[in-house]
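Welcome! Have the model open beside you as you read this short tour. We will go through it one topic at a time.

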Amino acid sequence: MAQQVRGVVAPGKGEPVRIETITIPDPGPGEAVVDVQACGVCHTDLHYREGGINNEFPFLLGHEAAGVVESVGAGVTEVEPGDFVVLNWRAVCGQCRACLRGRPWYCFDTHNAKQKMTLADGTELSPALGIGAFADKTLVAAGQCTKVDPAAKPEVAGLLGCGVMAGLGAAINTGNVGRGDSVAVIGCGGVGAASVLGARLAGAAKIIAIDLDERKLATATSLGATHTINAKDADVVESVRELTGGFGADVVIEAVGRPETYEQAFYARDLAGTVVLVGVPTPEMKLELPLLDVFGRGGALKSSWYGDCLPSRDFPMLIDLYLQGRLDLDAFVTETIGIGDVEAAFEKMHHGDVLRSVVTL
């Protein structure tokens, strides 16, 4: 039987979010209903509210979530009721050309629940990234549920569902950071800070954190950065080269998503080095680079989709490392808040006051 729960809805472009009564249908074939325990407040949720993703209002916001499976539909074998899960927004299909080539982290046909959650009056909702987890419960495709060790705190585990995984994966999966490498990270918000942590986990010898905010640089240092550069006070490219024997970093991770910072990343890498773009640009942005430099510098220019993660492989492993004390995910939780505090969390985000506010339910 359909259930009615609380949910945070963005009703229209730029309008403040509000708590509404949401109708959650019973799970159909291949679907699951999850009792949400915690959900991080991500910049992507703000982009949805501002109409920066699309105009399919009203949106049910929230996507960095963890919770317990309440019920599943026909044919579901991945999870069962009672499983503690992290939600992901790229449920792989297993049948597309990427999956069949053994590269499911590139799946070209990811999917979400087929049924729609609605407002009490029947208005269909667009769940953020196919999840919609600023709610007591949500309906997702069962493949969006990744079972992990229930000993992990929900407010920490849920962050793997988006930003933290994007940053860790940019370093470990996309950048292939190895032992002894030098790494520079441009932009040390939540994703960039996670990239610093990922580089440390991978054994990088030198990790250079770059930002305009001394608070973010201090956080990056606590997570493993060996050097910091405040881009307000120094030339980023020259500073990175000075710290790397005049050569540039082996891997440069751009976690801002702007042409000017991408150009810095391009020229701050060593010959045959790697640039990883994990910051998300806006549609109007253009990049211009001399083609001879692209050819002459060699190496690789990569984009990182969701940290090129495979949730079924990466989430349990990272949770295990966290529980062993080898991965400081607690550092990303600046505060826990209630479901009615999402709008205030967006404001704190604007001012750079938090890495993550996390809604607990």
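The side chains of D83 and K147 come together in a salt bridge, with 3.5 Å from N to O; a salt bridge here means a side-chain nitrogen of Lys or Arg within 4 Å of a carboxyl oxygen of Asp or Glu. The two partners are 64 residues apart: D83 sits in the loop between β5 (64-72) and β6 (84-87), and K147 belongs to strand β10. Helices (H or I, at least four residues) and strands (E, at least two) are DSSP runs, numbered from the N terminus.

Is D83 buried or exposed? D83 is buried, because its relative accessible area is 8%, and buried means under 20%, exposed over 50% and partly exposed in between (1.4 Å probe, protein chains only). K147 counts as partly exposed, at 49%.

## About the model

This is a predicted model, in which local features need pLDDT of at least 70 and side-chain atom pairs count only at pLDDT 80 or more, while totals for chains, interfaces and linings use all residues. Residues are numbered from 1 along each chain as its sequence is written, and side-chain values use heavy atoms, leaving out hydrogens and water.

How many salt bridges does the structure hold? There are 14. One of them pairs the side chains of K348 and E335 at 2.8 Å, N to O. K348 lies in helix α11 (residues 342-350) and E335 in strand β17 (residues 335-337), so this pair ties together parts that are 13 residues apart in sequence.

D314 and R313 also meet through their side chains, at 2.7 Å from N to O. D314 is buried, with a relative accessible area of 3%, whereas R313 is partly exposed at 36%. Elsewhere, R49, E50 and E343 are linked in a network of salt bridges.

## A buried loop residue

Now look for Q144, in the loop between β9 (137-141) and β10 (145-147). Q144 counts as buried because its relative accessibility is 0%. Leaving aside residues up to four places away in sequence, Q144 touches several others, including W89, H111 and L129; contact means heavy atoms within 4.5 Å.

## Backbone details in loops

A cis peptide bond joins F57 and P58, with omega at about -5°. P58 is in the loop between α1 (43-49) and β4 (59-60).

N176 is not a glycine, yet it has a positive phi of about 50°; this residue lies in the loop between α4 (163-174) and β11 (182-186). Y306 has a positive phi too, near 55°, and is found in the loop between β16 (300-303) and α10 (311-323). At 5% relative accessibility, Y306 is buried.
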